[in-house]
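The sequence and structure come first, and the text follows.

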Amino acid sequence: MSLPLEERIARAETRIFKAVFPNTTNHYDTLFGGTTLHMMDEVAFITATRFSRLKMVTVSSDKVDFTHPIPGGTLVELIGNVARVGNTSLQVRVDLFVEQMYSEDRIKAVSGLFTFVAIDEQKRPVSVLGHQEVPVG
């Protein structure tokens with residue numbers, strides 16, 4: 001039995017925590033922008049794959065807004081959610097929150113949209129909804 005679209009979207013939400021260590025920061029002691037994009041694309045990929053259970057490839061990253069610096073010695077939580085479902089593509093929003101290690105301070109620092117396409121063995125686009133059954137439970 002297939003799950004309703006809304007439930008598939010909810011089940012695909014992905015949350016990952018990481019520590020910002022010195023080897024990931026720049027000369028300002030903030031997280032490298034490229035490292036941030038790498039982490040966001042990874043979370044977006046996992047979210048898209050969990051939704052579709054198909055081979056997914058990134059086709060674009062859109063409107064990534066860096067609104068707050070991410071200092072070394074902090075924690076980050078990346079949250080991926082399916083924002084749009086197309087025929088062969090999915091759009092995933094990833095929000096990155098920064099937290100102080102030793103306090104409850106938390107702020108959204110980065111947000112971005114990533115678009116993925118589902119592909120078959122010949123690397124041709126296929127429906128993201130597929131025809132497979134989505135297990136319940």
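K63 counts as exposed at 62% relative accessibility, where exposed means over 50% relative accessible area, buried under 20%, and partly exposed in between (1.4 Å probe, protein chains only). The side chain of K63 meets that of D65 in a salt bridge, at 3.2 Å from N to O. D65 is partly exposed, at 30% relative accessibility. A salt bridge here is a side-chain nitrogen of Lys or Arg within 4 Å of a carboxyl oxygen of Asp or Glu.

The model is predicted, so local features need pLDDT of at least 70 and side-chain atom pairs count only at pLDDT 80 or more, while totals for chains, interfaces and linings use all residues. Residues are numbered from 1 along each chain as its sequence is written, and side-chain values use heavy atoms, with hydrogens and water left out.

The structure holds nine salt bridges.

| Salt bridge | N to O distance |
|---|---|
| K63 and D65 | 3.2 Å |
| E121 and K55 | 3.1 Å |
| E77 and R106 | 2.7 Å |

In the pair of E121 and K55, the closest N and O atoms are 3.1 Å apart. This pair links distant parts of the chain, 66 residues apart: E121 is in the segment after β5 (106-119), and K55 is in strand β2 (residues 55-66). Strands (E, at least two residues) and helices (H or I, at least four) are DSSP runs, numbered from the N terminus. E121 is exposed at 59% relative accessibility, and K55 is partly exposed at 45%.

E77 and R106 form a salt bridge with closest N and O atoms 2.7 Å apart. E77 lies in strand β3 (residues 74-85) and R106 in strand β5, so the pair ties together parts that are 29 residues apart in sequence. E77 is buried, with a relative accessible area of 5%, and R106 is partly exposed at 37% relative accessibility. Salt bridges with shared partners join E77 and R106 to E13, R15 and E99 in one network.

Helix α2 (residues 33-52) has 20 residues and spans 28 Å from its first C-alpha to its last, close to the expected 28 Å at 1.5 Å a residue; the expected span is 1.5 Å times one less than the number of residues. Its buried residues include M39, M40, V43, A44 and F51. Just after α2, R53 takes a positive phi of about 55°.
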